[in-house]
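Please open the structure in a viewer and keep the sequence at hand.

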Amino acid sequence: MARTLAAGLPALAVLLFPQFAFAAADHELPGAAMSLWWVLPFAGLLLSIATGPLLFHHVWEHHYGKIAAGWAALAVVPLAIAFGIPSAMEAVLHTLLTEYMSFIILLFALYTISGGILLAGNIHGTPLVNAGLLLAGALLASVIGTTGASMILIRPILRANDNRPFNAHVVIFFIFLVSNIGGSLTPLGDPPLFVGFLRGVDFFWTTANLWRETLFTGGLVLLVFLAIDTMLHRREAGMPKIKDPTPDKTVRLRGVANLPLLAGVIGAILLSATWKPGVSFSIFGVGLELQNLARDVVILALAFASLAVSRKSHREANGFTWGPIAEVAKLFAGIFIAIVPVIAILRAGHDGALAPLVALVTSDSGQPNDLAYFWLTGALSSFLDNAPTYLVFFELAGGDAQRLMGEFATTLAAISAGAVFMGANTYIGNAPNFMVYAIARHRGVKMPGFFGYMAWSGTVLIPTFLIAGFLFFG
């Protein structure tokens, strides 16, 4: 019976999806022939992340990894049936080995190293102090990346506000500014810009071409935060005082031995972008380039070196645990797998099931519609990984870095701004978002759920992006 069923599954797939009959011989997913049904596992995973903590909290807390794996399986198994096991496995392994592996290694290293850096002492979270910390974090994000800046500063800002009844909004604006908008000025700041750098965009091009958009957007969001925090701070004045759990001590930076390790991570990333030995290795049919393998090995070594040189007391003072990074690793493994058919459809461009969206980025005259590029790149980056989304629209705009930096500079700016800025719209738009959320929740902050967070982003960010879009790309 099992043998008959196994033999019949490919035939059933051909009957249900006759346009896929040719796919088994080609180890590349034919996105042009794939319908929107293939988006369902990814949508289901997003819905689970959004509703799980609210509707079935205890089940989610104990089994979120299994739930993510289940949705990933619902993406992989139909791919294997419809296109053949070689095509499905190559697509999934390519994503895991060339994207997810480097992604989680970098996050693990930044999380581990920054966890050994302690900004000791008590900073009192007044509106002006909080605004100053957010501004400093936003500036730091373009130097050491949104993940690095987020991991170093999230714990000090949590301690600064741990005696305030209203503090979730501080974390929300931290995600807006430090985990996203602040990383828009260099390729080190955010993964999409690093992808552009690898494709030939000059290192300082974003600095020279996005500073106005970044200054306007970040400045407006920071002013909104200052107004909200001032209002809530005044309301707290009439409430019973909460004893500050963090004793008053002189503010000092501890764990400075981790700073060279953090610089080493940045150096390894830059080296992988400039050192091209032309050597690659094939693992299960997936080509891995030597410079990328060397980068990941060096970054991992730096992370373990941090564990060796950091004082245990510093990590304890930071409230460092492995819970947040484990949660991010499991959920994003599911996301990276379930997103495979979605990216295949997007790569098909005008020939794919998402062709109506793709058509919106081109005007009737055939010229790129910068405002549409800004919003479509941003809208997809809010829910998909913003690095591959950036790459898709980079290719749709021609894929020629020299031409995009010259004749179509505003188009490249629109794609870059959309990918970086609008990663702040949801918890899963950019990797640091969910990590900051997980750390804050583990530290006892009553963070809003998936849709609650989107209510904040919809109220604050969307109007800001509307103004910025028409001002710079309209």
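This is a predicted model: local features need pLDDT of at least 70, side-chain atom pairs count only at pLDDT 80 or more; totals for chains, interfaces and linings use all residues.

**Aromatic pairs.** The structure holds 25 aromatic pairs. To examine one of them, select F374 and W375, whose ring centres lie 5.7 Å apart. Their planes meet at 75°, and planes over 60 degrees apart count as edge-to-face, so this pair is edge-to-face. Next, display the surface around the two residues. Is F374 buried or exposed? F374 has 0% relative accessibility and therefore counts as buried. W375, by contrast, is partly exposed, with a relative accessible area of 23%.

**An aromatic cluster.** Now select F173, F176 and F225 together with Y427, F434, Y437, Y453 and W456; these residues form one aromatic cluster.

**Charges over rings.** Proceed to F166 and R235. R235 lies over the face of F166, 5.8 Å from the ring centre. Then select F320: which residue lies over the face of this ring? The residue is R315, at 4.8 Å from the ring centre.

**A residue in helix α4.** Finally, select residues 85-115, which make up helix α4, and locate I105 within the helix. I105 has a relative accessible area of 11%; because buried means under 20%, I105 is buried. Apart from neighbours within four places in sequence, I105 is in contact with D296, I299 and L300. To conclude, draw a C-alpha to C-alpha distance from I105 to T186: the two are 81 residues apart in sequence and 21 Å apart in space.

Terms used:
Residues are numbered from 1 along each chain as its sequence is written. Side-chain values use heavy atoms; hydrogens and water are left out. Rings of Phe, Tyr and Trp (its six-membered ring) pair if their centres lie within 6.5 Å; planes under 30 degrees apart count as stacked, over 60 as edge-to-face and the rest as tilted. Buried means under 20% relative accessible area, exposed over 50%, partly exposed in between (1.4 Å probe, protein chains only). A charge sits over a ring if NZ of Lys or CZ of Arg is within 6 Å of the ring centre and within 35 degrees of the ring normal. Helices (H or I, at least four residues) and strands (E, at least two) are DSSP runs, numbered from the N terminus. Contact means heavy atoms within 4.5 Å.
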